[in-house]
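Here is a friendly walk through one structure, with the cut-offs given along the way. Have the viewer open and follow the residues as they come up.

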Amino acid sequence: DLDGTNELELTCGNSNDNQKYGYDVAVGNNKIAVGAYGTEVDGVANAGAVYLYNLNGTGELEISIEDVTGGTVTANHYFGMQVSIANSQVFVGCPNFTSSGGSLQGSNGKVYGFNLDGTSEVGITSSNPEGGGQGGFGNKVAVGENKIVVGSYLADGNSIVASGKANIYDLDGTNEVEKAI
């Protein structure tokens, strides 16, 4: 409760060492989202997951990187590093996502949007990804006013190395606007 009574402690039903459960959290639409970007998936370290709960801590639903890639799991994607809830959807940052599933040197990052029951995935990527990767797209995710704002803190904005960018989208991932210093 808002007065500090009725404390509730959430713990993961699928925990592993260095899971980073709780690295980022969000609440909205009667749900709680807990990011755990260090979650081991099928023996792969730091693949990542996000856990959704009812406000009373019941009804745990795990969404892992494996669920959104159709079975492809790569170490260090960090799915769940950022979570945000709005308009009956949860948005999950995956800053080291690589479309090839290979080396992180080619990672451009991705943000995934889901309904709060884990269905209807929408993938959001930058239309102007960093050449050579490591832009950090999805390192920060905020949702409000029917917009998604995605940070890329390592991106080269206006030819300035690692000056950062923010990309703004409609909730369905369309109408991208890129802002850089």
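## A glycine at a strand end

Gly28 has a relative accessibility of 19% and so counts as buried; here buried means under 20% relative accessible area, exposed means over 50%, and partly exposed is in between, with a 1.4 Å probe and protein chains only. This glycine belongs to strand S1, residues 21-28. Helices (H or I, at least four residues) and strands (E, at least two) are DSSP runs, numbered from the N terminus.

Beyond the neighbours within four places in sequence, Gly28 is in contact with Ile85 and Leu116, where contact means heavy atoms within 4.5 Å. Gln89 lies 61 residues from Gly28 in sequence, yet the two are 9.0 Å apart in space, C-alpha to C-alpha.

## How the model was read

This is a predicted model: local features need pLDDT of at least 70 and side-chain atom pairs count only at pLDDT 80 or more, while totals for chains, interfaces and linings use all residues. Residues are numbered from 1 along each chain as its sequence is written, and side-chain values use heavy atoms, with hydrogens and water left out.

Why is S3 largely enclosed by the rest of the structure? Five of its six residues are buried, so the strand is largely enclosed.

S2 and S3 run antiparallel and are joined by six bridges; two strands pair if DSSP finds at least two bridges between them. In this pairing, Ala33 stands opposite Leu52 in S3. S3 also pairs with strand S4 (residues 61-64), again in the antiparallel sense, over four bridges, and Val50 stands opposite Ile63 in S4. S3 and S4 make a hairpin with six residues between them, and Gly57 in the turn has a positive phi of about 85 degrees.

## Two nonpolar cores

In soluble globular proteins, nonpolar side chains tend to be buried together. A nonpolar core is a set of buried Ala, Val, Leu, Ile, Met, Phe, Trp, Tyr and Cys residues joined through side-chain atoms within 4.5 Å. The largest one here has 21 residues, and those with the most contacts inside it are Ala33, Ile65, Phe79, Val90, Tyr112 and Phe114. Two or more residues each come from strand S3 (49-54), helix H1 (65-69), strand S5 (82-86), strand S6 (89-94) and strand S7 (110-115). S6 gives the largest share, three residues.

A second, separate core has eleven residues, among them Ala86, Phe91, Ile124 and Val141.

## Aromatic pairs

How many aromatic pairs does the structure hold? There are seven. Rings of Phe, Tyr and Trp (its six-membered ring) pair if their centres lie within 6.5 Å; planes under 30 degrees apart count as stacked, over 60 as edge-to-face and the rest as tilted. Tyr23 and Tyr37 form an edge-to-face pair, 4.9 Å centre to centre with 85 degrees between the planes. This pair links distant parts of the chain, with Tyr23 in strand S1 and Tyr37 in the loop between strand S2 (31-36) and S3, 14 residues apart. Tyr23 is partly exposed at 47%, whereas Tyr37 is buried at 10%.

Tyr37 also pairs edge-to-face with Tyr78, at 4.8 Å centre to centre and 70 degrees between the planes. Tyr78 sits in the loop between H1 and S5, 41 residues from Tyr37, and is partly exposed at 22% relative accessibility. Elsewhere, Phe79, Phe97, Tyr112 and Phe114 form one aromatic cluster.
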